[in-house]
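Trainee: I have a new model open and would like a walk through it. Where do we start?

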Amino acid sequence: MANGTATPTDLDTRLEAHRTELTGYCYRMLGSSFEAEDAVQDTMVRAWRSYDKFEGRSSLRSWLYRIATNVCLDMLTAGNRRARPMDLTESTPLAQAALSPRPDNTWLEPMPDARVLPTTHDPAEAAVAKESVRLAFMAALQQLPSKQRAVLILREVLAWKASEVAELLDTSVASVNSALQRARATLAERQEPGAEAAVSDPLDEDQQKLLDRYVAAFEGYDMTALTALLHEDAVMTMPPFDLWLTGTRDITGFMTTLGAPCAGSRLVPVQVNGLPGFAQYKPDPDKGGFTPWAVQVLEISEGRITGFHCFLDTQRWFPLFDLPLHLEAETDQVEQGA
(Lines give C-alpha, C1' and ligand atoms only; values in the text may rest on other atoms or scores of the structure.)
Protein backbone atom coordinates (compact mmCIF):
# COMPACT_ATOMS: atom_id res chain seq x y z
CA MET A 1 0.00 0.00 0.00
CA ALA A 2 1.48 3.33 -1.05
CA ASN A 3 0.55 5.07 2.17
CA GLY A 4 2.45 2.50 4.17
CA THR A 5 5.71 3.45 2.43
CA ALA A 6 5.90 6.93 3.95
CA THR A 7 8.96 7.36 6.13
CA PRO A 8 8.45 8.37 9.78
CA THR A 9 9.97 11.78 9.05
CA ASP A 10 7.70 12.33 6.02
CA LEU A 11 4.62 11.33 8.00
CA ASP A 12 5.53 13.52 10.95
CA THR A 13 5.96 16.48 8.62
CA ARG A 14 2.62 15.86 6.90
CA LEU A 15 0.76 15.49 10.19
CA GLU A 16 2.42 18.51 11.82
CA ALA A 17 1.36 20.70 8.88
CA HIS A 18 -2.22 20.38 10.15
CA ARG A 19 -1.57 20.90 13.88
CA THR A 20 -2.54 24.58 14.13
CA GLU A 21 -5.84 24.29 12.28
CA LEU A 22 -6.72 21.09 14.16
CA THR A 23 -5.97 22.83 17.45
CA GLY A 24 -8.32 25.64 16.42
CA TYR A 25 -11.04 23.13 15.59
CA CYS A 26 -10.64 21.21 18.86
CA TYR A 27 -10.51 24.47 20.82
CA ARG A 28 -13.82 25.59 19.33
CA MET A 29 -15.30 22.18 20.13
CA LEU A 30 -14.00 21.93 23.70
CA GLY A 31 -13.60 25.52 24.93
CA SER A 32 -10.36 24.59 26.68
CA SER A 33 -6.84 25.47 25.59
CA PHE A 34 -5.20 22.49 27.24
CA GLU A 35 -7.91 19.96 26.36
CA ALA A 36 -7.67 21.11 22.73
CA GLU A 37 -3.94 20.49 22.64
CA ASP A 38 -4.42 17.11 24.32
CA ALA A 39 -7.10 16.23 21.75
CA VAL A 40 -4.80 17.12 18.86
CA GLN A 41 -1.96 15.09 20.34
CA ASP A 42 -4.33 12.14 20.70
CA THR A 43 -5.41 12.68 17.08
CA MET A 44 -1.80 12.64 15.89
CA VAL A 45 -1.04 9.45 17.83
CA ARG A 46 -4.13 7.71 16.45
CA ALA A 47 -3.28 8.84 12.91
CA TRP A 48 0.29 7.58 13.26
CA ARG A 49 -0.82 4.20 14.57
CA SER A 50 -3.50 3.65 11.94
CA TYR A 51 -1.83 5.27 8.93
CA ASP A 52 -1.25 1.93 7.25
CA LYS A 53 -5.06 1.52 7.17
CA PHE A 54 -5.63 4.94 5.60
CA GLU A 55 -6.73 4.06 2.09
CA GLY A 56 -6.70 7.55 0.63
CA ARG A 57 -10.43 7.64 -0.20
CA SER A 58 -10.42 11.12 1.37
CA SER A 59 -7.64 13.64 1.80
CA LEU A 60 -5.26 13.32 4.73
CA ARG A 61 -6.76 16.56 6.08
CA SER A 62 -10.32 15.19 6.02
CA TRP A 63 -9.16 11.97 7.66
CA LEU A 64 -7.46 13.90 10.44
CA TYR A 65 -10.60 15.98 11.02
CA ARG A 66 -12.62 12.77 11.29
CA ILE A 67 -10.26 11.45 13.95
CA ALA A 68 -10.20 14.81 15.78
CA THR A 69 -14.00 15.00 15.73
CA ASN A 70 -14.30 11.56 17.28
CA VAL A 71 -11.74 12.46 19.94
CA CYS A 72 -13.64 15.64 20.82
CA LEU A 73 -17.04 13.92 20.87
CA ASP A 74 -15.62 11.31 23.24
CA MET A 75 -14.24 14.05 25.49
CA LEU A 76 -17.59 15.87 25.47
CA THR A 77 -19.65 12.86 26.59
CA ALA A 78 -19.18 13.98 30.20
CA GLY A 79 -21.49 16.87 29.35
CA ASN A 80 -19.29 19.61 30.76
CA ARG A 81 -19.91 22.94 29.04
CA ARG A 82 -17.27 25.59 29.47
CA ALA A 83 -18.67 28.95 30.51
CA ARG A 84 -17.92 32.56 31.38
CA PRO A 85 -18.95 34.05 34.71
CA MET A 86 -21.93 35.84 33.12
CA ASP A 87 -23.22 32.49 31.85
CA LEU A 88 -23.50 31.15 35.41
CA THR A 89 -24.47 33.97 37.77
CA GLU A 90 -26.02 37.42 37.87
CA SER A 91 -23.84 40.49 37.90
CA THR A 92 -22.71 41.36 41.44
CA PRO A 93 -22.92 44.91 42.84
CA LEU A 94 -19.57 46.10 44.16
CA ALA A 95 -20.92 46.29 47.72
CA GLN A 96 -21.53 42.51 47.61
CA ALA A 97 -18.37 41.55 45.74
CA ALA A 98 -16.72 38.35 46.98
CA LEU A 99 -14.05 36.28 45.24
CA SER A 100 -15.38 32.71 45.06
CA PRO A 101 -13.37 30.40 42.79
CA ARG A 102 -14.84 27.52 40.81
CA PRO A 103 -12.94 24.48 39.45
CA ASP A 104 -10.77 24.94 36.36
CA ASN A 105 -13.05 22.78 34.20
CA THR A 106 -15.88 25.29 34.69
CA TRP A 107 -14.34 28.00 32.58
CA LEU A 108 -13.98 28.89 28.95
CA GLU A 109 -10.23 29.31 28.58
CA PRO A 110 -8.14 31.86 26.65
CA MET A 111 -5.95 30.81 23.74
CA PRO A 112 -3.04 32.53 21.93
CA ASP A 113 -3.94 33.33 18.33
CA ALA A 114 -0.74 31.74 17.06
CA ARG A 115 -1.77 28.30 18.35
CA VAL A 116 -5.17 28.19 16.63
CA LEU A 117 -5.14 30.56 13.63
CA PRO A 118 -3.24 29.20 10.62
CA THR A 119 -1.41 31.70 8.44
CA THR A 120 -3.53 32.85 5.50
CA HIS A 121 -3.11 35.52 2.84
CA ASP A 122 -6.89 35.92 2.43
CA PRO A 123 -8.05 38.86 4.62
CA ALA A 124 -11.68 37.66 4.61
CA GLU A 125 -10.66 34.16 5.68
CA ALA A 126 -8.43 35.59 8.42
CA ALA A 127 -11.29 37.77 9.71
CA VAL A 128 -13.69 34.80 9.91
CA ALA A 129 -11.08 32.73 11.72
CA LYS A 130 -10.47 35.46 14.31
CA GLU A 131 -14.18 36.07 14.87
CA SER A 132 -14.71 32.35 15.41
CA VAL A 133 -12.39 32.19 18.43
CA ARG A 134 -13.64 35.32 20.17
CA LEU A 135 -14.92 34.69 23.67
CA ALA A 136 -18.56 35.55 22.89
CA PHE A 137 -18.72 33.16 19.92
CA MET A 138 -16.90 30.46 21.87
CA ALA A 139 -19.41 30.84 24.71
CA ALA A 140 -22.28 30.54 22.23
CA LEU A 141 -20.80 27.35 20.77
CA GLN A 142 -20.77 25.83 24.26
CA GLN A 143 -24.57 26.03 24.32
CA LEU A 144 -24.91 23.65 21.37
CA PRO A 145 -25.11 19.86 21.57
CA SER A 146 -21.76 18.41 20.57
CA LYS A 147 -22.71 17.18 17.08
CA GLN A 148 -24.49 20.45 16.24
CA ARG A 149 -21.34 22.23 17.41
CA ALA A 150 -19.22 20.15 15.04
CA VAL A 151 -21.57 20.77 12.12
CA LEU A 152 -21.68 24.52 12.70
CA ILE A 153 -17.90 24.81 12.97
CA LEU A 154 -17.23 22.66 9.91
CA ARG A 155 -19.88 24.32 7.74
CA GLU A 156 -19.74 27.98 8.82
CA VAL A 157 -16.21 28.49 10.11
CA LEU A 158 -14.22 26.05 7.98
CA ALA A 159 -16.54 26.26 4.93
CA TRP A 160 -16.89 22.53 4.38
CA LYS A 161 -19.62 21.33 2.04
CA ALA A 162 -22.64 19.59 3.56
CA SER A 163 -21.67 16.41 1.72
CA GLU A 164 -18.15 16.52 3.20
CA VAL A 165 -19.51 16.98 6.73
CA ALA A 166 -22.01 14.15 6.19
CA GLU A 167 -19.20 11.83 5.15
CA LEU A 168 -17.06 12.86 8.12
CA LEU A 169 -19.91 12.26 10.59
CA ASP A 170 -21.22 9.12 8.85
CA THR A 171 -24.64 10.68 8.37
CA SER A 172 -26.82 12.13 5.61
CA VAL A 173 -26.71 15.55 3.99
CA ALA A 174 -30.28 16.12 5.19
CA SER A 175 -29.20 15.40 8.76
CA VAL A 176 -26.29 17.81 8.47
CA ASN A 177 -28.53 20.55 7.09
CA SER A 178 -31.08 19.97 9.85
CA ALA A 179 -28.36 20.13 12.55
CA LEU A 180 -27.00 23.34 11.04
CA GLN A 181 -30.46 24.92 10.98
CA ARG A 182 -31.05 24.05 14.64
CA ALA A 183 -27.62 25.33 15.64
CA ARG A 184 -28.20 28.63 13.84
CA ALA A 185 -31.57 29.00 15.55
CA THR A 186 -30.04 28.42 18.98
CA LEU A 187 -27.34 31.03 18.39
CA ALA A 188 -29.88 33.52 17.03
CA GLU A 189 -31.89 33.22 20.24
CA ARG A 190 -28.90 34.07 22.41
CA GLN A 191 -27.40 37.55 22.43
CA GLU A 192 -24.03 36.82 23.96
CA PRO A 193 -22.34 39.67 25.87
CA GLY A 194 -19.39 40.72 23.74
CA ALA A 195 -20.95 39.51 20.48
CA GLU A 196 -20.98 43.07 19.16
CA ALA A 197 -17.20 43.42 19.63
CA ALA A 198 -15.83 44.95 16.44
CA VAL A 199 -12.07 44.79 16.08
CA SER A 200 -10.48 45.25 12.69
CA ASP A 201 -7.53 43.17 11.53
CA PRO A 202 -5.06 44.77 11.74
CA LEU A 203 -6.23 47.32 14.29
CA ASP A 204 -7.26 50.60 12.71
CA GLU A 205 -5.72 53.86 13.89
CA ASP A 206 -8.52 54.73 16.32
CA GLN A 207 -8.47 51.26 17.90
CA GLN A 208 -4.71 51.42 18.36
CA LYS A 209 -5.01 54.84 19.96
CA LEU A 210 -7.70 53.46 22.29
CA LEU A 211 -5.37 50.66 23.37
CA ASP A 212 -2.49 53.09 23.89
CA ARG A 213 -4.72 55.22 26.10
CA TYR A 214 -5.84 52.10 27.96
CA VAL A 215 -2.24 51.08 28.70
CA ALA A 216 -1.44 54.56 29.96
CA ALA A 217 -4.58 54.65 32.13
CA PHE A 218 -4.10 51.15 33.56
CA GLU A 219 -0.37 51.44 34.23
CA GLY A 220 -0.98 54.85 35.78
CA TYR A 221 -3.98 53.43 37.66
CA ASP A 222 -5.88 56.55 36.58
CA MET A 223 -9.54 55.71 37.17
CA THR A 224 -10.78 58.93 35.60
CA ALA A 225 -8.91 58.18 32.38
CA LEU A 226 -10.02 54.54 32.47
CA THR A 227 -13.66 55.51 32.95
CA ALA A 228 -13.47 57.59 29.78
CA LEU A 229 -12.40 54.51 27.82
CA LEU A 230 -15.00 52.06 29.17
CA HIS A 231 -18.51 51.74 27.81
CA GLU A 232 -21.06 52.62 30.49
CA ASP A 233 -22.25 48.98 30.43
CA ALA A 234 -18.78 47.44 30.24
CA VAL A 235 -18.34 44.01 31.80
CA MET A 236 -15.38 42.79 33.87
CA THR A 237 -14.77 39.09 34.59
CA MET A 238 -12.02 37.32 36.55
CA PRO A 239 -12.01 33.52 36.16
CA PRO A 240 -11.52 31.34 38.19
CA PHE A 241 -13.75 33.61 40.32
CA ASP A 242 -17.43 33.65 39.39
CA LEU A 243 -17.74 37.34 40.28
CA TRP A 244 -18.47 39.67 37.39
CA LEU A 245 -19.11 43.38 37.42
CA THR A 246 -21.08 45.71 35.14
CA GLY A 247 -20.58 49.44 34.63
CA THR A 248 -17.71 51.85 35.05
CA ARG A 249 -18.48 52.73 38.68
CA ASP A 250 -18.36 49.15 39.95
CA ILE A 251 -15.36 48.22 37.78
CA THR A 252 -13.21 51.17 38.86
CA GLY A 253 -14.52 50.82 42.43
CA PHE A 254 -13.33 47.22 42.49
CA MET A 255 -9.95 48.20 41.10
CA THR A 256 -9.39 50.73 43.87
CA THR A 257 -10.53 48.39 46.67
CA LEU A 258 -10.08 44.61 46.28
CA GLY A 259 -7.96 45.23 43.18
CA ALA A 260 -5.79 47.95 44.71
CA PRO A 261 -2.59 45.77 44.73
CA CYS A 262 -2.66 46.02 40.91
CA ALA A 263 -1.66 49.68 41.05
CA GLY A 264 1.69 50.18 39.34
CA SER A 265 1.25 47.15 37.04
CA ARG A 266 2.94 46.70 33.66
CA LEU A 267 1.12 45.48 30.56
CA VAL A 268 2.67 43.39 27.76
CA PRO A 269 0.64 43.06 24.51
CA VAL A 270 -0.60 39.60 23.51
CA GLN A 271 -2.80 38.33 20.69
CA VAL A 272 -5.55 36.27 22.29
CA ASN A 273 -8.86 34.88 21.01
CA GLY A 274 -8.78 37.08 17.93
CA LEU A 275 -8.81 40.16 20.15
CA PRO A 276 -6.28 42.59 21.62
CA GLY A 277 -5.03 41.61 25.03
CA PHE A 278 -2.32 42.11 27.60
CA ALA A 279 -0.31 40.11 30.05
CA GLN A 280 -0.57 41.99 33.32
CA TYR A 281 2.35 41.97 35.75
CA LYS A 282 1.78 43.56 39.15
CA PRO A 283 4.51 44.80 41.53
CA ASP A 284 6.23 42.02 43.46
CA PRO A 285 6.77 43.26 47.04
CA ASP A 286 8.96 40.27 47.93
CA LYS A 287 11.38 39.93 45.00
CA GLY A 288 11.08 43.37 43.48
CA GLY A 289 10.17 43.84 39.84
CA PHE A 290 6.87 42.46 38.64
CA THR A 291 5.04 39.16 39.01
CA PRO A 292 2.38 37.69 36.66
CA TRP A 293 -1.19 38.46 37.60
CA ALA A 294 -3.54 38.06 34.63
CA VAL A 295 -4.01 37.62 30.92
CA GLN A 296 -6.44 40.38 29.93
CA VAL A 297 -8.73 40.07 26.90
CA LEU A 298 -10.38 43.28 25.70
CA GLU A 299 -13.60 43.59 23.69
CA ILE A 300 -14.05 46.87 21.82
CA SER A 301 -17.14 48.35 20.16
CA GLU A 302 -17.77 51.82 18.76
CA GLY A 303 -14.61 53.27 20.20
CA ARG A 304 -15.07 52.03 23.77
CA ILE A 305 -14.00 48.98 25.75
CA THR A 306 -17.07 46.84 26.35
CA GLY A 307 -15.44 43.75 27.86
CA PHE A 308 -12.48 43.46 30.21
CA HIS A 309 -11.76 39.81 30.94
CA CYS A 310 -8.94 38.83 33.29
CA PHE A 311 -7.77 35.21 33.43
CA LEU A 312 -5.91 34.88 36.70
CA ASP A 313 -4.37 31.39 36.71
CA THR A 314 -0.97 32.71 35.72
CA GLN A 315 0.93 29.43 36.28
CA ARG A 316 -1.11 28.01 33.41
CA TRP A 317 -1.60 30.98 31.12
CA PHE A 318 1.78 32.69 31.06
CA PRO A 319 3.69 29.58 29.88
CA LEU A 320 0.95 28.98 27.27
CA PHE A 321 1.64 32.46 25.89
CA ASP A 322 5.43 31.99 26.14
CA LEU A 323 5.63 34.80 28.69
CA PRO A 324 8.24 35.10 31.47
CA LEU A 325 7.18 34.53 35.07
CA HIS A 326 9.02 37.62 36.28
CA LEU A 327 9.85 41.09 34.95
CA GLU A 328 12.74 43.10 36.31
CA ALA A 329 11.92 46.51 37.75
CA GLU A 330 13.65 48.38 34.95
CA THR A 331 11.84 46.38 32.24
CA ASP A 332 8.81 48.26 31.01
CA GLN A 333 8.04 45.84 28.25
CA VAL A 334 9.18 42.49 26.90
CA GLU A 335 9.11 40.84 23.54
CA GLN A 336 6.55 38.05 23.51
CA GLY A 337 8.04 34.67 22.67
CA ALA A 338 7.30 32.90 19.44
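**Sheet and helices**

Mentor: Start with β1 and β2, which form a hairpin with 2 residues between them. Strands here are DSSP runs of E with at least two residues, and helices are runs of H or I with at least four, numbered from the N terminus. Two strands pair if DSSP finds at least two bridges between them. This is a predicted model, where local features need pLDDT of at least 70 and side-chain atom pairs count only at pLDDT 80 or more, while totals for chains, interfaces and linings use all residues. Residues are numbered from 1 along each chain as its sequence is written, and side-chain values use heavy atoms, with hydrogens and water left out.

Trainee: In which sense do β1 and β2 pair, and over how many bridges?

Mentor: Strand β1 (residues 230–238) and β2 pair in the antiparallel sense, over 4 bridges. Valine 235 stands opposite threonine 246 in β2.

Trainee: How many residues of β2 are buried?

Mentor: In β2 (residues 241–246), 5 of the 6 residues are buried, meaning under 20% relative accessible area with a 1.4 Å probe and protein chains only; exposed is over 50%, and partly exposed is in between.

Trainee: What is the strand order in the open sheet?

Mentor: The order is β2-β1-β6-β5-β4-β3, an open sheet of 6 strands with mixed pairing. β2 and β3 (266–272) are at the edges with a single partner strand each, so one side of each has no neighbour in the sheet.

Trainee: How do β3 and β4 pair?

Mentor: β3 pairs with β4 (residues 275–283) in the antiparallel sense over 7 bridges. Arginine 266 has tyrosine 281 in β4 as its bridge partner.

Trainee: Switching to helices. Which residues of α10 are buried?

Mentor: In α10 (residues 162–169), the buried ones are Ala162, Val165, Ala166, Leu168 and Leu169. They cover an arc of only 165° around the axis, so they are on the same side of α10. That arc is taken from the directions from the helix axis to the C-beta atoms.

Trainee: What do they pack against?

Mentor: The buried residues of α10 pack against α4 (60–75), α9 and α11. Contact means heavy atoms within 4.5 Å.

Trainee: And what follows α10?

Mentor: Aspartate 170 follows α10, with a positive phi near 55°.

Trainee: One more: is histidine 18 buried or exposed?

Mentor: Histidine 18 counts as buried because its relative accessibility is 15%. Histidine 18 is in the loop between α1 (8–16) and α2 (19–30). Leaving aside neighbours within four places in sequence, histidine 18 contacts Met44, Leu60, Arg61 and Leu64.
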